[in-house]
Amino acid sequence: MAPHATVQSEPMPRPCSRPAVPLAAFLLLLASSYLAVTRLPAAAPLASLIAPSAGRGSAVDSCAGFYRGAGRRAVTASVEEFGGVGDGVTSNTAAFRRAVAALDDRAGGGGSRLEVPPGRWLTGSFNLTSRFTLFLHHGAIILGSQDPEDWPLIAPLPSYGRGRERLGPRHISLIHGQDLDDVVITGSNGTIDGQGRMWWEQWWNKTLNHTRGHLIELVNSTNVMISNVTLRNSPFWTVHPVYCRNVVIKDLTILAPLNAPNTDGIDPDSSSEVCVEDCYIESGDDLVAVKSGWDQYGISVGKPSSNIIIQRVSGTTPTCSGVGFGSEMSGGISNVLVRDLHIWNSASAVRFKTDVGRGGYITNITIANVTMEKVKVPIRFSRGSNDHSDDRYDRSALPTISDIHIVDIVGVDVQRAPMLEAVHGAVYDGICFRNVSLRAIKHQVVWHCESVYGEAHEVFPAPCEELRNNGSSSSWCGLR
């Protein structure tokens, strides 16, 4: 059957559900703060955090303007037209692969849209193409195959040097793309379910031979939009844009059992101009983790993560953090804004994770307007747990952490005060806490700080000595 001749336009992002300080105004203030305190060169691309939204007519507090793809597609077809059967039993791997290839040919460069109607669509891994939209209708459920052969092995990422969990190659993601431009995964709240228990059991039973696949991974791609779908039960990390630019991830619900191992929600990795907003996440690992490569491999590749906005994310993770930085951060992380974060029943709200041998840097980070309940350690800078790619890592490569602004934080029923520990041999400085209220602390009310220095203003309980400002209000941290 021939594809429909209509031209499709992707749905505009939903307006924000609650009022917030306009992002443009906030970022102007943030930019002035960075210019005052940054240890990076003055040419750091702060303007790129502000400009994209303004030119597309979207709400001032949305960063969805980072996506600059056409959004319009010349041809549309259903997976049923390529032999797909949505009965939850029939394998649709060949149907999805045929559909993507055929629509790319038919579009003639004008872009294509593959629709997934209501039903249960069992499939193995398939690759997307440029100027392509995968659209899941309400009631559509893509199910990951339970046959490991349907998740072929691919080469490890250069910045990791090996599979993250096992030496050698790794399993491909369920939905995959590499070297693409203008890729959209969206719908009317359809579902992609990785059916990851098979993989989790291999991890628990120590029978895993190769690193598990992600649910969605885009590699070395630009103008990526993932929105308005529910993602469930990923075998490993759920959404993994790596070496990507101009990425928008918004209006997602991401769910995994709270004991499912390493089921991170969203992991921007060696990527820039990334927007994550309006997402609800329950997982067995970090809700969002910013990464940039592992030990000497990440240092050698040298692809940082930068110019990232994470806003209006909420959720729970009993063993990890709401937003994490690292621990794979060897390519560097800079210019990140996290705001309007709501975390409960979790190990940490925000955590900076590094290790000896990582090298790299984390700098120019602002964390603002975070609320939390029943969190074990509200803010944590943690040392590594001897987690390395191999024995060839450089033991003298220490991470640099500086210019971290943590402001407007409210926590109730937390287990203890913040724990701030630098990697042995390193010193973290330029750490600013302002307007922090942590109440109903159950156990340890005293901050714990080791080789972490900066200032704290209007903070309760009283900070550690390394952050005491002796009543002064400096230009870089105090109220202006």
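The torsion about the S-S bond of Cys 63 and Cys 275 is about 70 degrees, and the disulfide (a pair of cysteine sulfur atoms within 2.5 Å) is therefore right-handed. Cys 63 lies in the loop between helix 2 (51–54) and strand 2 (72–73), while Cys 275 belongs to strand 21 (residues 272–282), so this pair ties together parts that are 212 residues apart in sequence. Helices (H or I, at least four residues) and strands (E, at least two) are DSSP runs, numbered from the N terminus. The sulfur atoms of Cys 63 and Cys 275 are 2.1 Å apart. The structure is a predicted model, in which local features need pLDDT of at least 70 and side-chain atom pairs count only at pLDDT 80 or more, whereas totals for chains, interfaces and linings use all residues. Residues are numbered from 1 along each chain as its sequence is written, and side-chain values use heavy atoms, with hydrogens and water left out.

A disulfide is a covalent bond between the sulfur atoms of two cysteines. A search of the whole structure finds 3 disulfides. When the bonded cysteines of the protein chain are numbered in sequence order, the pairing reads 1-2, 3-6, 4-5. Cys 432 is joined to Cys 477, with an S to S distance of 2.2 Å. This link of Cys 432 and Cys 477 is right-handed, with 80 degrees about the S-S bond. Cys 432 sits in strand 29 (residues 428–439) and Cys 477 in the segment after strand 31 (452–460), so that distant parts of the chain, 45 residues apart, are linked. In the disulfide of Cys 449 and Cys 464, the S to S distance is 1.9 Å. The link of Cys 449 and Cys 464 is left-handed, with -80 degrees about the S-S bond. Cys 449 is found in strand 30 (residues 448–450) and Cys 464 in the segment after strand 31, 15 residues apart.

The accessibility of the cysteines was also computed. Buried means under 20% relative accessible area, exposed over 50%, and partly exposed in between (1.4 Å probe, protein chains only). Cys 63 counts as buried because its relative accessibility is 1%, and Cys 275 counts as buried at 0%. Both Cys 432 and Cys 477 are buried. Cys 449 is buried at 11% relative accessibility, and Cys 464 is buried at 7%. Cys 244, with a relative accessible area of 4%, is buried, and Cys 320 counts as buried at 12%.

In soluble globular proteins, nonpolar side chains tend to be buried together. A nonpolar core is a set of buried Ala, Val, Leu, Ile, Met, Phe, Trp, Tyr and Cys residues joined through side-chain atoms within 4.5 Å. The largest nonpolar core has 97 residues, and those with the most contacts inside it are Leu 134, Ile 192, Phe 325, Phe 381 and Phe 433. A second, separate core of 10 residues includes Cys 63, Ala 64, Met 225 and Cys 275. Contact means heavy atoms within 4.5 Å. Residues up to four places away in sequence not being counted, Phe 325 touches several residues, among them Val 290, Ile 333, Arg 351, Lys 353 and Ile 367.
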